[in-house]
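Subject: Structure handover and notes

Hello,

Here is the structure we spoke about, with the sequence. Please open it first; my notes on what was found follow below.

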Amino acid sequence: MELVAGCYEQVLFGFAVHPEPEADGHHEKWAPVADFTHHAHTASLSAVAVNSRFIVTGSKDETIHIYDMKKKVDHGALMHHNGTITCLKFHGNKHLISGAEDGLICVWDAKRWECLKSIRAHKGHVTFLSIHPSGKLALSVGTDKTLRTWNLVEGRSAFIKNIKQNAHIVEWSPKGEKYIVVILNRIDVYQLDTASVSGTITNERRVSSVTFLSESVLAVAGDEEVVRFFDCDSLTCLSEFKAHENRVKDMFSFETPEHHVLVTASSDGFIKMWKLEQDKTVSPSLLCEVNTNARLTCLGVWLDRGTDTKESPPAAAEPAPISKKQSRSNKEESGHAIQEEERQPKPDAEKCSLTGDSNKPTKGNSLVSAKKRKTVEMSEKKRKKKKI
């Protein structure tokens with residue numbers, strides 16, 4: 001496996017981890033070894049996503065870079081957004097979804113690296129997005145103070161909820177039966193069957209990262225050194241532990257046949273791996289740590305497998321019925337969003353399903369090699385100098 005983390009210093013770090021049994025044969029030694037540094041961006045990294053072959057990174061330089069983990073080479077850059085890339089999510093090995101400060105959500109073919117669809121998602125920035133395990137629905141939040149549900153099969157808005165505040169995180173549970181929306185230090189838990197808040201969790205500080213450890217247990221990190229485990233049903237804190245010396249910026253959890261592992265990255269420069277106990281009221285034990293000597297911003301774990309860590313997603317649950325009053329207001333808003341989409345060039349209006357074959361990709365949004373990108377940047381700089 002490989003720990004990957006981006007930082008303010010424009011670098012993506014890769015650390016190979018090979019668990020080895022200790023001399024007693026009972027304990028495993030987890031030792032991260034520096035494997036690569038990828039310095040492709042010209043500004044700080046803001047997002048990272050991983051599938052079975054590629055690592056993609058988003059940055060304040062408005063580009064998405066692709067790194068081939070099998071060949072250990074730069075695979076080029078995607079240049080469609082105008083604004084900081086705020087979120088990147090893979091669905092399986094076929095599709096990547098990106099969100100940015102330009103208000104767009106883009107669906108990419110993760111084999112040919114072409115933009116299949118560009119959706120005018122929010123009137124402000126897209127701050128976060130999450131894909132339902134079925135691949136049929138997605139949730140997004142933005143600076144227009146809305147929570148939006150997207151029908152990914154049709155590539156259109158399905159439901160719009162005014163949440164009256166700027167949410168900065170939204171996340172589906174592993175089975176997709178519930179989702180959470182984070183506003184500052186408040187975590188609202190929604191049930192999919194009712195599309196309403198079933199409870200609220202309050203963290204000590206502003207929440208910086210969340211990850212579901214099970215359908216009901218949520219790991220929460222904030223602008224502090226502590227990580228807390230909350231039960232989303234009882235809304236109680238099960239346990240907490242000091243993970244770092246500075247604020248925790250991002251988390252990632254995965255399971256191996258032997259362990260359930262939580263990985264944390266902090267502004268203190270450390271990436272740490274924790275072994276989770278089955279009883280989440282018990283604090284996890286440290287497996288290993290590595291110091292990058294950088295201000296970390298985002299985190300991912302690449303597992304050298306033919307398939308993703310989460311296999312056989314459940315069938316998509318249907319969104320809850322909408323009352324006539326809700327339906328009327330949502331139709332007005334979603335109609336506006338759809339009209340905005342229709343104003344875009346015709347190729348962007350093609351449908352794209354994450355669960356089936358998609359139509360022909362949009363031209364002009366294909367992969368740009370790193371060499372070509374540098375040439376473009378140089379020519380732009382020369383043009384600016386001439387104008388001056």
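This is a predicted model: local features need pLDDT of at least 70, side-chain atom pairs count only at pLDDT 80 or more; totals for chains, interfaces and linings use all residues.

Helices (H or I, at least four residues) and strands (E, at least two) are DSSP runs, numbered from the N terminus.

Residues are numbered from 1 along each chain as its sequence is written, and side-chain values use heavy atoms, with hydrogens and water left out.

Five of the six residues of strand E14 (residues 126–131) are buried, so E14 is largely enclosed by the rest of the structure. Buried means under 20% relative accessible area, exposed means over 50%, and partly exposed is in between (1.4 Å probe, protein chains only). E14 pairs with strand E15 (residues 137–142) in the antiparallel sense over five bridges; two strands pair if DSSP finds at least two bridges between them. Ile131 has Ala138 in E15 as its bridge partner. The hairpin of E14 and E15 has five residues between the strands, and Gly135 there takes a positive phi near 80°.

E15 also pairs with E16, in the antiparallel sense and over five bridges. Here the bridge partner of Ser140 is Arg148 in E16. Three residues lie between E15 and E16 in their hairpin, and Lys145 in the turn has a positive phi of about 60°.

Strand E16 (residues 146–151) is mostly covered, with six of its six residues buried. Thr146, Arg148 and Trp150 point one way from E16, and Leu147, Thr149 and Asn151 point the other way. In a regular strand the side chains alternate between the two faces of the sheet. E16 and strand E17 (residues 156–162) pair in the antiparallel sense over six bridges, and Arg148 has Ile160 in E17 as its bridge partner. The hairpin of E16 and E17 has four residues between the strands, with Gly155 in the turn at a positive phi of about 70°.

Salt bridges

Arg148 also forms a salt bridge with Asp144, the closest N and O atoms being 3.4 Å apart. Both Asp144 and Arg148 are buried. A salt bridge is a side-chain nitrogen of Lys or Arg within 4 Å of a carboxyl oxygen of Asp or Glu, and by this rule the count comes to 12 salt bridges. Glu9 and Arg295 form one, with the closest N and O atoms 3.1 Å apart. That pair links distant parts of the chain, 286 residues apart: Glu9 is in the loop between strand E1 (2–7) and strand E2 (12–17), and Arg295 is in the loop between strand E29 (285–291) and strand E30 (296–302). Glu9 is partly exposed at 33% relative accessible area, and Arg295 is partly exposed at 45%. Asp109, Arg112 and Glu114 are linked in a network of salt bridges.

Aromatic pairs

Rings of Phe, Tyr and Trp (its six-membered ring) pair if their centres lie within 6.5 Å; planes under 30 degrees apart count as stacked, over 60 as edge-to-face and the rest as tilted. By this rule the count comes to nine aromatic pairs. The rings of Phe54 and Trp113 have centres 5.3 Å apart and planes at 85°, so this pair is edge-to-face. Phe54 lies in strand E7 (residues 54–59) and Trp113 in the loop between strand E12 (104–109) and strand E13 (114–120), so the pair ties together parts that are 59 residues apart in sequence. Phe54 is buried at 7% relative accessible area, and Trp113 is buried at 1%. Phe54, Phe90 and Trp113 form one aromatic cluster.

Cysteines

The structure holds zero disulfides, a disulfide being a pair of cysteine sulfur atoms within 2.5 Å. The sulfur of Cys106 is 4.3 Å from the closest cysteine sulfur, in Cys115, which is too far for a bond. Cys106 is buried, at 0% relative accessibility.

Regards
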